[in-house]
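Hi,

Here is the structure you were waiting for. Have a look first, then read my notes on the disulfides below.

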Amino acid sequence: MAKRQLLILGIRASFHTLAAVLVAGVIFTALFLSRNGMPKENPQSEGVSNVKEGEGSDRECNLFEGKWVFDNESNPIYKEEECKFMSDQLACGKFGRKDSSYKFWRWQPHKCDLPRFNGTKLLERLRNKRMVYVGDSLNRGQWVSMVCMASSVITNPKMMYFHSNGSNLITFKSLEYNATIDFYWAPLMVESNSDDPTNHRLPERIVRIQSIEKHARHWTESDIIVLNSYLWWLRPHMKTLWGSFEKLDGIYKEVEMVRVYEMALQTMSQWLEVHVNSNLTKLFFMSMSPTHERAEEWGGKNKQNCYGETSLIDKEGYHGKGSDPKMMIVVENVLDELKRRGLNMHMINITQLSEYRKDGHPSIYRKQWEPLKKSQVLDPSSYSDCIHWCLPGVPDVWNQLLYAYIIDDHKSN
């Protein structure tokens, strides 16, 4: 009897063991299938999530990948002649440009729609806040664009304030919203001998590569900071100064451009890491704005440039020699490292979409410090401005991209 009971107990134990093994196997199989046998979600990419149906709805949109679409119904957002803050450097219509198609192109991302700019919504977001553009004349042009776009919804001129006394700082304010949009001139970000907003055309460019406080103390406390720095670095080498411009014991050294550019960005990132509260301030860096100074690059005639161009470059992925990929990589690396240290700065990638717009530059239709002479107008191959942009025009789209991040809180992963 005892042996029989032991046998029965052994059978029961074996049965329970087998059952436990089977249950464990089922659980393991379910877990395995849930992790490996089902479709995986794609990691979120930078951009918006209002993906169009039938266009890869399993992926989010990248705002910077798309095409230009002619749209003379919703563009331009403002009229050149009605913006009280228009710069003569960018007012191409005022200075004789007859064709106007450059005003009507909008940027269409491949898999979503770029949010339509709403000036009232922007000013409401900026209520009691300060937004500042910091950089060179290209960033100043983008500032003019933003002020024109925002002020187009302000019907009472007495509710706008503008101040420019020849200093590095230019201020626009909407009094109703107590919203400030500033521009601060710092073409190389760090301190340089080109910091005077008017007298900066010097034969030799010198930077104090480790000094940024002179500029940064004017904009560090802002709620939104939009930086750029590219154009003024375009030379093989840059003279750098360790020391002060006021003293004679400084150390000067010629440094290869990409390396000194990297050093300047690192100085910027170190300052921001220490002085900016990431919970209060949004940071943006505008990527390099391309130039169109050699028509042969897009199939035009040798020794010609952007003058007379009224059509877009239609080759997808076109990349001219006016942009330096090495500098773009430097920016990406510095911003990635800054993010790893806990401070996120979004790069607004305007480079590729602007590459297509050889039609968007002022060429001879602008005033720099003084109007072009007749002999210069008759020689557009030598005197055309193929660096800056007509307004309304391409910089309005740059600001629409920026607006998408400010208003809709698009994230950079």
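The link of Cys-83 and Cys-148 is left-handed, with -85° about the S-S bond. Cys-83 sits in the loop between strand 1 and strand 2, and Cys-148 in helix 3 (residues 137-151), so this pair ties together parts that are 65 residues apart in sequence. The sulfur atoms are 2.0 Å apart. Please keep in mind that this is a predicted model. Cys-83 counts as buried at 8% relative accessibility. Cys-148 is buried too, at 2%.

Next, Cys-306 and Cys-386. Their sulfur atoms are 2.1 Å apart, and they form a disulfide. Cys-306 lies in the loop between strand 12 (282-286) and helix 6 (325-340), and Cys-386 in the loop between helix 9 (380-383) and helix 10 (394-408), so the bond ties together parts that are 80 residues apart in sequence. This link is left-handed, with -85° about the S-S bond. Cys-306 is buried at 4% relative accessibility. Cys-386 is buried at 1%.

Then there is Cys-61 with Cys-112, a disulfide with its sulfur atoms 2.1 Å apart. Cys-61 is in the loop between helix 1 (2-37) and strand 1 (66-70), and Cys-112 in the loop between strand 2 (105-109) and helix 2 (119-125), so the pair ties together parts 51 residues apart in sequence. Cys-61 has 1% relative accessibility and counts as buried. Cys-112 is buried at 0%.

On the overall count, a search of the whole structure finds 4 disulfides. With the bonded cysteines numbered in sequence order, the pairing reads 1-4, 2-5, 3-8, 6-7.

Best wishes

Terms used
Residues are numbered from 1 along each chain as its sequence is written. This is a predicted model: local features need pLDDT of at least 70, side-chain atom pairs count only at pLDDT 80 or more; totals for chains, interfaces and linings use all residues. Side-chain values use heavy atoms; hydrogens and water are left out. A disulfide is a pair of cysteine sulfur atoms within 2.5 Å. Helices (H or I, at least four residues) and strands (E, at least two) are DSSP runs, numbered from the N terminus. Buried means under 20% relative accessible area, exposed over 50%, partly exposed in between (1.4 Å probe, protein chains only).
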